[in-house]
Amino acid sequence: MGLEIGSIVEGRVTGIAKFGAFVALPEGKSGLVHISEVANTFVSDVHDHVQVGQTVKVRVLNVSDDGKINLSLKRAEENPTSQPRQEARRPVLQHIVPAERMAVSGSSGNQDFEDRLKKFMQDSDSRIADNRLYADHRSRSRRR
């Protein structure tokens, strides 16, 4: 009986490399579980998930003409489609506002915002003018 693509077989981990784990299969064959097929999460080190000598269930992904067998640990689960894939999500950064500032509402809150915006614009214009003055001063000193 040969190995069929999609079948789930039991094997024993015989070796671990940076790129995956080697698994001894029935009938004296062996295959490779690539690091991307070890777990549903990011795997930086295969040793964190399997050890040499451990018995594992693997799914046969591919059998090439030259006898190489590609295996998967994560697809060997009984119902791989029943567990939805979790998308990697970036955390949402939130601006933390002190409680006393959150209590400000209505027109006074808008006025506070307008005042802060006006001050910011004045400071920004002042800094831009200073930078231009400094840049003009440096360019004039080079011309001499």
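Colleague: Which residue stands opposite N62 in β5?

Modeller: Strand pairing is read from bridges: two strands pair if DSSP finds at least two bridges between them. Strands themselves are DSSP runs of E with at least two residues, and helices are runs of H or I with at least four, both numbered from the N terminus. Here N62 faces N70 in β5, and V60 has L71 of β5 as its bridge partner. The model is predicted: local features need pLDDT of at least 70, side-chain atom pairs count only at pLDDT 80 or more, and totals for chains, interfaces and linings use all residues. Residues are numbered from 1 along each chain as its sequence is written, and side-chain values use heavy atoms, without hydrogens and water.

Colleague: How many bridges join β4 to β5, and do the strands run parallel or antiparallel?

Modeller: Strands β4 (residues 55-63) and β5 (residues 69-72) are antiparallel and share 4 bridges. They make a hairpin with 5 residues in the connection, where G67 has a positive phi of about 95 degrees. As a general point, side chains in a regular strand alternate between the two faces of the sheet.

Colleague: What else is β4 joined to?

Modeller: Strand β1 (residues 8-17) is antiparallel to β4, with 5 bridges. One of the pairs is I8 with R59 of β4.

Colleague: In what order do the strands close into a barrel?

Modeller: The 5 strands follow the order β1-β2-β3-β5-β4, with mixed pairing. The twist from one strand to the next averages 50 degrees, taken from lines fitted to C-alpha atoms, with angles from 0 to 180 degrees between N-to-C directions.

Colleague: Which residues form a nonpolar patch on the surface?

Modeller: A patch takes residues with over 30% relative accessible area and no salt bridge, joining like charges within 9 Å and nonpolar side chains (Val, Leu, Ile, Met, Phe, Trp, Tyr) within 5 Å. A salt bridge is a side-chain nitrogen of Lys or Arg within 4 Å of a carboxyl oxygen of Asp or Glu. Areas are Shrake-Rupley values with a 1.4 Å probe, and for residues only the protein chains shown count as cover. The patch is F113, L117, F120 and M121, with about 400 Å² of accessible area together. L117 lies in helix α2 (residues 106-143).

Colleague: Is L117 buried, exposed or partly exposed?

Modeller: Buried means under 20% relative accessible area, exposed over 50%, and partly exposed in between. L117 counts as partly exposed because its relative accessible area is 36%.

Key. Buried means under 20% relative accessible area, exposed over 50%, partly exposed in between (1.4 Å probe, protein chains only).
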